[in-house]
Amino acid sequence: MSSSVPRRGMCHAAAVDSIGVTVPRTAVRKGAGPMTERIVVAVTESASTEGAVTWAATRAAAREARLTLVATSPERADDEAVPTARILLEAEAARVREIVDRLGVPVDVDAQTVTGDLAHGLVAMSEDATLVVLGHDHADHHDALVRHVVSGAHSAVAVVPHGSVVGRHGVVVGIDDSDVTPAAVAFAADEALSRGEPLIAVSAWLPVPVSGDLTGSGDYLIGSADPAGLTPIDLGPVATERVERALARVRAAHPELQVHTRVEEADAAQLLTDLARDAALLVVGTHGRGALARFFLGSVSTSVLEDPTSPTIAVR
């Protein structure tokens, strides 16, 4: 596999080089033109890499996407470091071969090494990708990597938890009042349609204490005023309306899509995490790009991405 990744957009001294990892010809699409999608997956020594590569390869086969395996080596390579990256890539290339041979669908694959910081390299490579895939294992403490890549990537980012995700059903999407909700809903709907699975739209709310004259607000009151004069307001109807508004375009365009809604009084991150345990995929929206975005991903997105219970895709 010999296709190289363009060097534009590299930052912080990260460099990308193509290496001579061999992929059997049965795993390579012959005579294909440029792929409409490209998936970049991080290859590390973490146990979570196996699941991430398996998930990414299966997705590449299903969507006829090109797959790029990426490993990192130190800026000052020594006799051990460079072979380590090569060994990792060889092993995962073999895994991809087994997957595509089993599926009977050819996939274009190439392998790259990033010299320097892996996160910076992945962010730069995301300029030419539709999706960057990261494995996640609690034992590895990769939260900083996830946060950095999600906040800086030009493409969507998938975080795949260590462990089996086979036998799950449905695509869950979180809905709130942010400007990224339409993109998240559209992405999730496309996933549900391509998988032939239901879309599960989720929104959470918590009572908001309000002071002042609440005459005429009886339908929204869920308790009496506390000693400070604050009365809890039921935002359930507001959340329900928000979900229906977010789904209107999808329902009109795809009447065949099975859609379920869940609006609950709950912590949003916890609700999404719980529902995602049985789902094939969770989709959430993120805000902005760059250094500042790293600190403002949003508490909900941060929580579900750093503690995923199912493959989770962050879109913007």
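## Salt bridges

Arg277 and Asp274 form a salt bridge in which the closest N and O atoms are 3.8 Å apart. Both partners are partly exposed: Arg277 has a relative accessible area of 43%, and Asp274 has one of 36%. The model is predicted, and a search of the whole structure finds 14 salt bridges in it.

Another pair joins Glu92 to Arg95, with 2.7 Å between the closest N and O atoms. These two residues sit three apart in helix α2 (residues 81-103), so about one helical turn separates them. Glu92 counts as buried, at 7% relative accessibility.

## Helices α1 and α5

Helix α1 (residues 48-63) packs against helix α5 (residues 181-195) at an angle of about 75°, and the axes are 12 Å apart. α1 is therefore roughly perpendicular to α5. On the α1 side the contact involves Trp55, Arg59 and Arg63; on the α5 side it involves Phe187, Asp190, Glu191, Ser194 and Arg195. By class, these are two nonpolar, one polar and five charged residues.

Asp190 and Arg63 meet through their side chains in a salt bridge of 3.1 Å, N to O. Asp190 belongs to α5 and Arg63 to α1, so the pair ties together parts 127 residues apart in sequence. Asp190 is partly exposed at 39%, as is Arg63 at 22%. A network of salt bridges links Glu37, Arg59, Arg63, Asp190, Glu191 and Arg195.

## Nonpolar cores

The largest nonpolar core has 47 residues, and Leu67, Leu69, Val133 and Leu199 have the most contacts inside it. Its largest share, seven residues, comes from α1. Apart from this core lies another of 33 residues, including Val114, Met125, Leu272 and Leu275.

Residues touched by Leu199 include Val171, Val173, Ala188, Ala189 and Ala192.

Note on methods: Residues numbered from 1 in each chain as written. Predicted model: local features only at pLDDT ≥ 70, side-chain atom pairs only at ≥ 80, totals over all residues. Heavy atoms only, no water. Axes fitted to C-alpha atoms, helices over the stretch in contact; angles between N-to-C directions. Helix = DSSP H or I, 4+ residues; strand = E, 2+ residues; numbered from the N terminus. Parallel < 35°, antiparallel > 145°, perpendicular 65-115°, else oblique. Contact = heavy atoms within 4.5 Å. Nonpolar A, V, L, I, M, F, W, Y, C, P; charged D, E, K, R; others polar. Core = buried A, V, L, I, M, F, W, Y, C linked by side-chain atoms within 4.5 Å. Buried < 20%, exposed > 50% of the residue type's maximum accessible area, 1.4 Å probe, protein only. Salt bridge = Lys/Arg side-chain N within 4 Å of Asp/Glu carboxyl O. Lists of a residue's contacts leave out its neighbours within four places in sequence.
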